[in-house]
Amino acid sequence: MPQPVSTMRIVGYGMTALGKLGRSASELMREALQKSLRSAGLQMKDLDGLVAVPSLSHPHFMEAHYLATQVGLLPHRGPGSVRVRTIDTGGAGPVSGLLEAARMVKDERCQAVAVVAGDAVSSLATPEFLARADQGCRDPENSLPSPCIPHGYDQVAQWQLRQGLLSREQLAMVSVLMSRQAAKHPLALTRKAHSLEDVLRSRKIAPATNLLECARRADGGAAIIVASSNFMDEYMGHDLVSSEDGVSSARLGPVAATGGLVVLGGGEASGPLYPPEEIDESMFSCEAAAASAFSEAQLLPEDLQWFGLYDCYPICFLRALEACGVTPKGTAGAWVEEMFWKTESGYDAGDFPINTHGGLLAFGAPWEVPAMYNIIEACEQLRGTATGRQVPSVRRALVYGNGGIFSHSAVAILAQPV
Ligand code: MLC
């Protein structure tokens, strides 16, 4: 009998608590990895691939090799081989990692690959955090004041404000919207929605950026497992396609038991290292990454029912709305304002099917981990398990991760299994 066409799937995912946890990044990575394996019904020995993104709080040379050694995947003994890779595309890392894992399964015949991220930037004292964070984006003339990252995004926000296409209030409304979403997620750090005044009156960090418009620093870890549908069928003795008929296997975890989530397509693109020679349209890369992802998945934005858009600062989210086709070019500010009023006094999740967890601004932002939260929330929405915030009938979802200050973009499109 011919083999069914194999698809790349997320068959497990897991995350730790968020907060100021006083634990090392490696501990958080290990816990998230164990949880993701459990949700797949796999064991550590079933992995033959591991991708990790670097941590700021507890950096290790070759992070993935370090983690693989800690969990006993390396040194490898026995038949076959294990492939272990560290991917550094900044905050885009988890989405780059997902796409790399799907390639490892498809082209390198890996059977199951874990993608892991963890960091403890909340437990770092602020001077130490800023010393490390600033180092990554100091320009040669040192003209970017500390904190460099907020100032870098702020320069882009100011440039966009000068174009006259958005207002200062519309930037702040992004944070309000994210806090409204976070208030519905049991694990989010922000428990109560902000008012527009809360955001506009919070401490000024840069000329057009206040404290409540900065990614919310946190400790946390998150992981996913990518495998082919054929592997899950053959090795786990379970036909994923027929799982909807009620066939279940004791060995499969809850995510794998319903077929996991299909990786339909993806795309990546790079902009210049910050600061660019000039701030202009040529420094952005999300448009190209999204176009590749839509092309590979053979879909259009209107075919998607949920979006996980990177929102380390409001300007990143606003640019992503247009780059990913949620709203036409030049209209993101007005679109956000419309959503702000629409969701002002209670709303259904389907009214605003974006970042239903609250994003970096309100869910929590452990350095390079947060794009993994976009992926995990997409999985929850696709599985229909986003209790209290479920968008109706989510069949396909897009996730976007941004690295550096618009220096790298990675976009993936996920779907329910059919
Ligand atoms: C901070 N707080 C927030 C918040 N941000 N509350 C709600 N929403 C937010 N968005 C809270 C904190 O939890 C804390 O609460 C209080 O405000 C003070 O924050 P802090 O961080 O402790 O203040 P401070 O030490 O003075 O530092 C301020 C800061 C720092 C702006 C310098 O927070 C910062 O750098 N944040 C941005 C982090 C960042 O840039 N991450 C990378 C994103 S870029 P309490 O209750 O404890 O007092 C990216 C791309 C990439 O993602 O590639 O990296």
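Reply: A residue is called buried if its relative accessible area is under 20%, and exposed if that area is over 50%. Please bear in mind that this model is predicted.

Me: Is Ser 202 buried or exposed?
Reply: Ser 202 has a relative accessible area of 15%, so it is buried. Its place is the loop between helix H7 (196-201) and strand E5 (204-206).

Me: Which residues is Ser 202 in contact with, leaving aside its neighbours within four places in sequence?
Reply: With those neighbours set aside, Ser 202 is in contact with Asn 210, Leu 211 and Leu 212.

Me: How should I read a packed pair of helices, such as H3 and H14?
Reply: Two packed helices are described by the angle between their axes and the distance between the axes. In this model, helix H3 (residues 93-107) and helix H14 (residues 370-383) have axes that come within 6 Å and cross at roughly 60°. The two helices, H3 and H14, are therefore oblique to each other.

Me: Which residues of H3 and H14 meet?
Reply: From H3 come Pro 94, Val 95 and Leu 98, and they meet Ala 371, Met 372 and Ile 375 of H14. In this contact of H3 with H14, six residues are nonpolar, none is polar and none is charged.

Me: Which residues in the largest nonpolar core touch the most other members?
Reply: A nonpolar core is a set of buried nonpolar residues joined through side-chain atoms. The largest such core here has 117 residues, and Ile 10, Ile 224, Leu 309, Ile 375 and Leu 398 touch the most other members. Leaving aside neighbours within four places in sequence, Leu 398 is in contact with several residues, among them Phe 294, Trp 306, Leu 309, Cys 324 and Ile 413. Another core, of 30 residues, lies apart from the largest one and includes Val 11, Leu 33, Ala 64 and Ala 112.

Me: Why is strand E1 described as largely enclosed by the rest of the structure?
Reply: One examines the burial of its residues. Strand E1 (residues 8-15) has eight of its eight residues buried, so it is largely enclosed by the rest of the structure.

Me: Which strands does E1 pair with?
Reply: E1 pairs with strand E7 (residues 219-228) in the antiparallel sense, over seven bridges. There, Tyr 13 stands opposite Ile 224 in E7. Two bridges also join E1 to strand E8 (residues 261-270), and these strands run antiparallel. In that pairing, Ile 10 stands opposite Leu 261 in E8.

Me: Where are cis peptide bonds found?
Reply: The bond from Leu 74 to Pro 75 is cis, with omega near -5°, and Pro 75 is in the loop between helix H2 (63-70) and strand E3 (83-86). The bond from Ser 146 to Pro 147 is also cis, with omega near 0°. Pro 147 belongs to the loop between helix H4 (126-135) and helix H5 (148-162).

Me: Which residues have a positive phi although they are not glycine?
Reply: Gln 298 has a positive phi of about 55°, and Asn 355 has one of about 45°. Gln 298 is in the loop between helix H10 (286-297) and strand E9 (306-308), whereas Asn 355 is in the loop between helix H12 (332-342) and helix H13 (359-363).

Me: Are Gln 298 and Asn 355 buried or exposed?
Reply: Gln 298 is exposed, with a relative accessible area of 71%. Asn 355, by contrast, is buried, with a relative accessible area of 0%.

Conventions: Residues are numbered from 1 along each chain as its sequence is written. This is a predicted model: local features need pLDDT of at least 70, side-chain atom pairs count only at pLDDT 80 or more; totals for chains, interfaces and linings use all residues. Side-chain values use heavy atoms; hydrogens and water are left out. Axes are lines fitted to C-alpha atoms, for helices over the stretch in contact, and angles run from 0 to 180 degrees between N-to-C directions. Helices (H or I, at least four residues) and strands (E, at least two) are DSSP runs, numbered from the N terminus. Angles under 35 degrees count as roughly parallel, over 145 as roughly antiparallel, 65 to 115 as roughly perpendicular and the rest as oblique. Contact means heavy atoms within 4.5 Å. Ala, Val, Leu, Ile, Met, Phe, Trp, Tyr, Cys and Pro count as nonpolar, Asp, Glu, Lys and Arg as charged, and the others, Gly among them, as polar. A nonpolar core is a set of buried Ala, Val, Leu, Ile, Met, Phe, Trp, Tyr and Cys residues joined through side-chain atoms within 4.5 Å. Buried means under 20% relative accessible area, exposed over 50%, partly exposed in between (1.4 Å probe, protein chains only). Two strands pair if DSSP finds at least two bridges between them.
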